[in-house]
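Thank you all for coming.

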Amino acid sequence: MPKITESMNTFNIKGPLLEREPMWSHTSFSVGGNSDFFAVPADLEDLRNLLADARHADLEKFILGGGSNLLVADSGIRGLVIDMKNFDSFESQGKTLVLGSGLSVSDAAWRAGSIGMAGLDFLFGMPGTVGGALWMNARCYGAQVSDFVAWVEVMDWEGRVERMVVPEDEWGYKKSLFQRGEFIIIRAGFDIVQSNSEALQRAMLGRRENRLSKGHYKFPCAGSAFKNNRKFGVPSGVLIDRCGMKGYRVGGAAVSTWHGNIVINDRAAIATDIEMILLAVAKRVEVEMGIRLEREILLVGDWKNG
Ligand SMILES: Cc1cc2nc3c(=O)[nH]c(=O)nc-3n(C[C@H](O)[C@H](O)[C@H](O)COP(=O)(O)OP(=O)(O)OC[C@H]3O[C@@H](n4cnc5c(N)ncnc54)[C@H](O)[C@@H]3O)c2cc1C
């Protein structure tokens, strides 16, 4: 691993470049140690230069969206974290809405709905960015991101940009080709239909109420801990509840008492507390019900050092 400050001197970008940045301040769980480097590229050219510098310094890279689906290790992330928040464009081009990958999906949905553009309104109230939602093929209220994607503009690790139409069979339940890690998502075009803006806004506010009533925003969390699977017959949260795991606690984290599939950080947890809960829940469901849960929350960073 190259010496941190030494590598940093060779970097040549316009956006901020920080050293030893605490990742807890960039994740919805509010846990996680420092990343060696943390860069916020200003634009496409900056991102390309950053990738070249990182390649030269032989640094591992991690792309950060809104940090709402991540559990970052207490010992942090080695190498470079690239925050895409400056890629936050919002553009209406006829029947296509073109959104920058760093834009909040909730903001995008609200802005589109307010000018009578329907489609992405199901995402209002969900944390995270356009890039993260594409990566995960985020879904809620009976819709998923891939239902509306027309094209995606990506950059590969050598800095080449291309526009792709993602084949239908590359999308699945919480699955996308972006999970192969070959591309950075820059922006995407979404198919939109005209609708009544007041009705859209009403529907969006209703969904936010629904999330509020389900306790989504009560404590730092990362949404569903485990994926659902039709084969289970019931949602993963119900399985976890049936195993008596609601309220199960390790240190400052617990399985929420109101939803079996949400793990919360309610008492200054560390990442290891949450990891222990995820392991314990998966083990209990497997032992008691013979069902293997698949984790939805992504473990990121240097887990081998605790
Ligand atoms: C309260 C709460 C409620 C939630 N409800 C839902 C829900 O209803 N449905 C649902 O699906 N999820 C839900 N989630 C989970 C989360 O919000 C989504 O998975 C979201 O899409 C993650 O986006 P993000 O920008 O935060 O991505 P991050 O967590 O930052 O990253 C997730 C992955 O995407 C990759 N990534 C991000 N941006 C890019 C990019 N530009 N290029 C390449 N890779 C990229 C990252 O490298 C990482 O691998 C919820 C979370 C919370 C906290």
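This is a predicted model: local features need pLDDT of at least 70, side-chain atom pairs count only at pLDDT 80 or more; totals for chains, interfaces and linings use all residues.

Let me begin with the shell around the ligand, to which α4 gives the most, with five residues. When I name helices and strands, I mean DSSP runs numbered from the N terminus, where a helix is H or I over at least four residues and a strand is E over at least two. Residues are numbered from 1 along each chain as its sequence is written, and side-chain values use heavy atoms, with hydrogens and water left out.

Which residues come nearest to the ligand? Of the 34 residues around it, these are I63, G66, S68, T129 and R139, where being near requires a heavy atom of the residue within 4 Å of the molecule. The shell residues divide into 18 nonpolar, 13 polar and three charged; in that division Ala, Val, Leu, Ile, Met, Phe, Trp, Tyr, Cys and Pro count as nonpolar, Asp, Glu, Lys and Arg as charged, and the others, Gly among them, as polar.

A polar side-chain atom of S68 lies 2.6 Å from a ligand oxygen, a backbone N or O atom of G65 lies 2.9 Å from a ligand oxygen, and a polar backbone atom of P127 is 3.0 Å from an oxygen atom of the ligand. The ligand on its own has 980 Å² of accessible area, and the protein covers 94% of that, with areas taken from the Shrake-Rupley method using a 1.4 Å probe, and with only the protein chains shown counting as cover for residues. The elements that give two or more residues to this shell are β3 (61-64), α4 (130-136), β9 (139-140) and β13 (183-191).

Let me stay for a moment with T129, which sits in the loop between β8 (117-118) and α4. Is T129 buried or exposed? It is buried, because its relative accessible area is 8%, and the cut-offs are under 20% for buried, over 50% for exposed and partly exposed in between, with a 1.4 Å probe and protein chains only. The side chain of T129 also reaches the backbone nitrogen of G132 at 3.2 Å.

Next come two residues picked out by their backbone angles. Most residues other than glycine have a negative phi. N137, however, has a phi near 50°, a positive value; N137 lies in the loop between α4 and β9 and, at 0% relative accessibility, counts as buried. K174 has a phi near 55°, also positive, and is found in the loop between β12 (161-164) and β13, where K174 is buried with a relative accessible area of 9%.

At 1.5 Å a residue, the 17 residues of α5 should span 24 Å, and its end C-alpha atoms are 24 Å apart, which agrees; the expected span is 1.5 Å times one less than the number of residues. The buried residues of α5 are L200, M204 and R211. They cover an arc of only 35° around the axis, so they are on the same side of α5, the arc being that of the directions from the helix axis to the C-beta atoms. The face turned away from this buried side carries the exposed residues E198, R202, E209 and S213.

In helix α2 (residues 44-56), the 13 residues should span 18 Å, and the end C-alpha atoms are 19 Å apart, which agrees. Its buried residues are D46, L47, L50, L51, D53 and A54, and they cover an arc of only 165° around the axis, which puts them on the same side of α2.

With 78% relative accessibility, K231 counts as exposed, and the C-alpha atoms of K231 and M8, 223 residues apart in sequence, are 49 Å apart in space.

Methods. A polar contact is a pair of N or O atoms within 3.5 Å; within protein, one must be able to donate a hydrogen and the other to accept it, and residues adjacent in sequence count only if both atoms are side-chain atoms.
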